[in-house]
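This briefing is intended for reading alongside the sequence and the coordinates.

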Amino acid sequence: MTSNIGSRLHQNPVRLQYSNLLSALESCKQTLEISQIHSFIIKTGLDRDPFTLSKLLASSIQDTQHAASIFNQIQHPNLFMYNTMLRAYSISDDPKQSFDIFNKLRARGIVLDQFSFVPILKACARASAIVMGQAVHGVAVTSGHVQFINVKNTLLHFYGVCGRIQRAQKLFDENLQINDLVSWNSLMGAYLHISQPKVVIYLFRQMCRCCLRISVTTMLTVLPAASDLDDSLGGESLHGHCIKIGLCSDSKVLSALVDMYAKTGNIDSGRRIFDSVAVKDVVLWNCMIGNYAKSGLLKESIALLQLMEYEQVEPNSSTLVSLLSACAASGATNVGRCISNYVEGHGLPSDVVLGTALLDMFAKCGLLDKAIDIFERMETKDVKSWTAMISAYGVHGRARDAISVFHRMEEEGFKPNEVTFLAVLTACSHGGLVMEGMKCFKRMVQKYGISPRIEHYGCVIDLFGRAGLLEEAYSLIESLPIKGDATAWRALLSACRVHGNVRLGERVQRVLVGFDEGHPTDSILLSSTYAIAGWSPDQVRMQETKEEIAEVGNGSAEKNVEMIKEAGYSTIEMASEEFEQGL
């Protein structure tokens, strides 16, 4: 291809006119080919023609570095050129670079058009840049471009992605008459993003009353909402609607229907849809296999994987990730090993997603050495991979190794997220590394600006408790900027049991009563605390009597609620089969 273009340019340097030049640019697939044409443009003096430069720039947007080098050589770029660079950066790995281009465009005093706003807002959505996006919204309102439906729809998408549902709803309600199908889909997607499926269904009904045409995107938003509501009847109604308007020929809709039936407890109906499709793509196969795995039906998943191979459908990493997750959750080591061998035997590319899933499965099945081997052999890693390895070390009680991997992650330029810090704090808690845990906690807040969630505070409380710093743990949970949940208090009560601290244990237990959960674990933990502290049964009964009298005196006595301890069960694997044994 490169030689053909070079030959055409070399043989016909003069006769190559605009039409031939544009044809050559459109056929370019590689940066080297574009560079050849760029050289020809410079040689023939066409680099002074704005139209030619605009087309050259537009053909280069897949390689933003090359596009930027062309753009920076243009002395007086026009609006089209600026918009092209905005579009290039909006789809790049670093969408924030479009912010500088937009600011330069405004500083030049060039009048913006609707195609200036769409890419910059898409970049803001991808970068979750709320402040910048709101500023662009303000400019769009001032210039009047918010009246263009594509600008309004991109704003709706931006606010939806960033979770600003009130702003999205307000924008949608403004100038209602211009709203189109994309507007409705964007608003429903925004409500689905913040887990409000009831509103999604309500909007869908309103949309139907407006006699708008239902699209594939609409159904891909509404079907998950029905799944979240566990509304099997509503899901069946949506299925009928899909048949009525002819959407059941779309593979994405079929996958969404299978997913909906599986999540509403009717996986057999999902299988019937699957079997009714004559030509299945890999996405539909993955959906059915994944839902069997999530439902705990590993045998059916494996059988379907074998059928997929028999029908010569090439699997990908997504085919196996859900299977590996199911193996990790159930401890099905032999099945997990078989899948690992399948990956190696079929030469599937071990990408970062599949590698992380294998790592996680081996770690949770107790095979830490295999998990380490997978991690070290991964050619590319992301934050999830590092977090999975940190968590693996923590679960296996190797807290110092977990911290070492965390530091290595930082050294290699990866930015830890809140889940990463949760894994580090959990490892420190299990290993009793109080100082290291507190350093990581401070690092999370001060260096990375991550606001601690209740789970992070819970780890610190558990860390203090395991180290015997019970009063420090109690003071921390009392001073939390967010209300502690029952889990954090229960972790402290568990620590009181370990150290036999009856006085603090009773205080914590009274707090847990206020959560009104009636969890039997609380009473069991407190009874164990009495036993470890050496209290006799008579002392315990006397203490309980005093508390009951005090409650009656305070007018806070309530009827005793019988608490039933939930029966536990374990899963063991025998000859690749699982058996549940009640305890």
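K96 is partly exposed because its relative accessibility is 49%; buried means under 20% relative accessible area, exposed over 50%, and partly exposed in between, with a 1.4 Å probe and protein chains only. K96 is located in the loop between α6 (79-90) and α7 (97-107); helices here are DSSP runs (H or I, at least four residues), numbered from the N terminus. Between the C-alpha atoms of K96 and L86, which are ten residues apart along the chain, the separation is 10.0 Å.

The model is predicted, so local features need pLDDT of at least 70 and side-chain atom pairs count only at pLDDT 80 or more, while totals for chains, interfaces and linings use all residues. Residues are numbered from 1 along each chain as its sequence is written, and side-chain values use heavy atoms, with hydrogens and water left out.

**Loop residues with positive phi**

- S128, a residue other than glycine, has a positive phi near 55°. S128 belongs to the loop between α8 (114-127) and α9 (130-143), and its relative accessible area of 46% makes it partly exposed.
- S195 likewise has a positive phi, near 60°, without being glycine. S195 sits in the loop between α12 and α13 (197-209) and is exposed, with a relative accessible area of 58%.

**A buried serine**

- S183 is part of helix α12 (residues 181-193) and counts as buried, at 0% relative accessibility.
- Apart from neighbours within four places in sequence, S183 contacts I149, N153, L156 and F172; contact means heavy atoms within 4.5 Å.

**Helices with one buried side**

- The buried residues of helix α17 (residues 267-276) are I267, S269, G270, I273 and F274. They lie on the same side of α17 because they cover an arc of only 155° around the axis, the arc being that of the directions from the helix axis to the C-beta atoms.
- These buried residues of α17 pack against α15 (232-245), α16 (251-263), α18 (282-294) and α19 (298-310). The exposed residues D268, R272 and S276 are on the face turned away from the buried side.
- In helix α23 (residues 368-377), the buried residues are L368, A371, I372, I374 and F375. Their arc around the axis is only 160°, which places them on the same side of α23.
- Among the elements covering the buried residues of α23 are α22 (352-364), α24 (383-395) and α25 (399-411).

**Packed helix pairs**

- Helix α26 (residues 418-431) packs with helix α28 (residues 454-466) at an angle of about 10°, and their axes are 8 Å apart. Axes are lines fitted to C-alpha atoms, for helices over the stretch in contact, and angles run from 0 to 180 degrees between N-to-C directions.
- α26 and α28 are therefore roughly parallel to each other, a term for angles under 35 degrees. Residues making this contact include F421, L422 and L425 of α26 and C459, V460 and L463 of α28.
- The residues of the contact of α26 with α28 comprise seven nonpolar, four polar and four charged. Ala, Val, Leu, Ile, Met, Phe, Trp, Tyr, Cys and Pro count as nonpolar, Asp, Glu, Lys and Arg as charged, and the others, Gly among them, as polar.
- Helix α4 (residues 50-58) and α6 have axes that come within 10 Å and cross at roughly 5°, and α4 and α6 are therefore roughly parallel to each other.
- P50, L53, S54, L57 and A58 of α4 meet F80, M81, T84 and M85 of α6 in this contact.

**Nonpolar core**

- The largest nonpolar core has 160 residues, and F117 and M389 have the most contacts inside it. Such a core is a set of buried Ala, Val, Leu, Ile, Met, Phe, Trp, Tyr and Cys residues joined through side-chain atoms within 4.5 Å.
- Not counting residues up to four places away in sequence, M389 touches L359, L368, A371, I372, F375 and V405.

Key
Helices (H or I, at least four residues) and strands (E, at least two) are DSSP runs, numbered from the N terminus. Angles under 35 degrees count as roughly parallel, over 145 as roughly antiparallel, 65 to 115 as roughly perpendicular and the rest as oblique.
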